[in-house]
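Hi,

Here is the structure I promised to pass on.

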Amino acid sequence: MTPDEYRQAIERLGLSQVAAARLLGVDARTSRRWASGERDVPPPAVRFLRYLIAPTKKTGEQAMRMLGD
């Protein structure tokens with residue numbers, strides 16, 4: 001997943017960088033590094049994000065509820 005794809009995925013889910021970090025179990029700095037391309041998005045996070053943005057178009061809020069947050 002490219003940095004642009006990462007930013008588009010979290011935008012499509014209606015998440016901020018901080019909310020995306022919480023959803024993915026990382027700190028906000030890590031999410032910013034993924035968005036800037038400083039670090040690669042790890043495969044498990046890529047799979048999870050792609051699942052969330054699949055045609056059912058779950059919102060970030062729905063995703064957070066799925067995880068019991």
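Before the notes, one term: two residues are in contact when they have heavy atoms within 4.5 Å of each other. You are looking at a predicted model, in which local features need pLDDT of at least 70 and side-chain atom pairs count only at pLDDT 80 or more, while totals for chains, interfaces and linings use all residues. Residues are numbered from 1 along each chain as its sequence is written, and side-chain values use heavy atoms, with hydrogens and water left out.

**The overall layout**

From the N terminus on, the order is α-α-α-α-α. Of its 69 residues, 33% count as buried. Buried here means under 20% relative accessible area, exposed means over 50%, and partly exposed is in between (1.4 Å probe, protein chains only). Among contacts between residues at least 6 apart in sequence, 55% join residues at least 24 apart.

**The core**

In soluble globular proteins, nonpolar side chains tend to be buried together. A nonpolar core is a set of buried Ala, Val, Leu, Ile, Met, Phe, Trp, Tyr and Cys residues joined through side-chain atoms within 4.5 Å. The largest one here has 17 residues, and Tyr6 and Leu15 touch the most other members. Two or more residues come from each of α1 (3-12), α2 (17-24), α3 (28-36) and α4 (43-52).

**Helix α1**

Which residues of α1 are buried? They are Tyr6, Ala9 and Ile10. Cover for the buried residues of α1 comes from elements including α2, α3 and α4. Ala9, for one, has a relative accessible area of 1%, so it is buried. From Ala9 to Leu52 is 43 residues in sequence and 8.6 Å in space, C-alpha to C-alpha. After α1 comes Gly14, with a positive phi near 75°.

**Helix α2**

The buried residues of α2 are Ala19, Ala20, Ala21, Leu23 and Leu24. Leu23 has a relative accessible area of 6% and is therefore buried. Leu23 and Leu49 sit 26 residues apart in sequence, with 9.8 Å between their C-alpha atoms. Just after α2, Gly25 takes a positive phi of about 75°.

**Helix α3**

In α3 the buried residues are Ser31, Trp34 and Ala35. Seen down the axis, they fall within an arc of 100°, so they line one face of the helix. Among the elements covering them are α1, α2 and α4. Ser31 counts as buried because its relative accessibility is 0%. Leaving out residues up to four places away in sequence, Ser31 touches Tyr6, Gln17, Ala20, Ala21 and Val26. Thr30, also in α3, is partly exposed, with a relative accessible area of 22%. Thr30 and Val18 are 12 residues apart in sequence and 9.7 Å apart in space, C-alpha to C-alpha. Just after α3, Gly37 has a positive phi of about 90°.

**How α2 meets α3**

These two helices pack at an angle of about 110°, with their axes 8 Å apart. That makes α2 roughly perpendicular to α3. On axes and angles: axes are lines fitted to C-alpha atoms, for helices over the stretch in contact, and angles run from 0 to 180 degrees between N-to-C directions. Under 35 degrees counts as roughly parallel, over 145 as roughly antiparallel, 65 to 115 as roughly perpendicular and the rest as oblique. The contact is made by Gln17, Val18, Ala20, Ala21 and Leu24 of α2 and by Ala28, Ser31, Arg32, Trp34 and Ala35 of α3.

**An aromatic pair**

Rings of Phe, Tyr and Trp (its six-membered ring) pair if their centres lie within 6.5 Å; planes under 30 degrees apart count as stacked, over 60 as edge-to-face and the rest as tilted. The count comes to 1 aromatic pair. Tyr6 and Trp34 form it, edge-to-face, at 5.6 Å centre to centre and 90° between the planes. The pair links distant parts of the chain, with Tyr6 in helix α1 and Trp34 in helix α3, 28 residues apart. Both residues, Tyr6 and Trp34, are buried.

Best wishes

Key: Helix = DSSP H or I, 4+ residues; strand = E, 2+ residues; numbered from the N terminus. Arc of directions from axis to C-beta.
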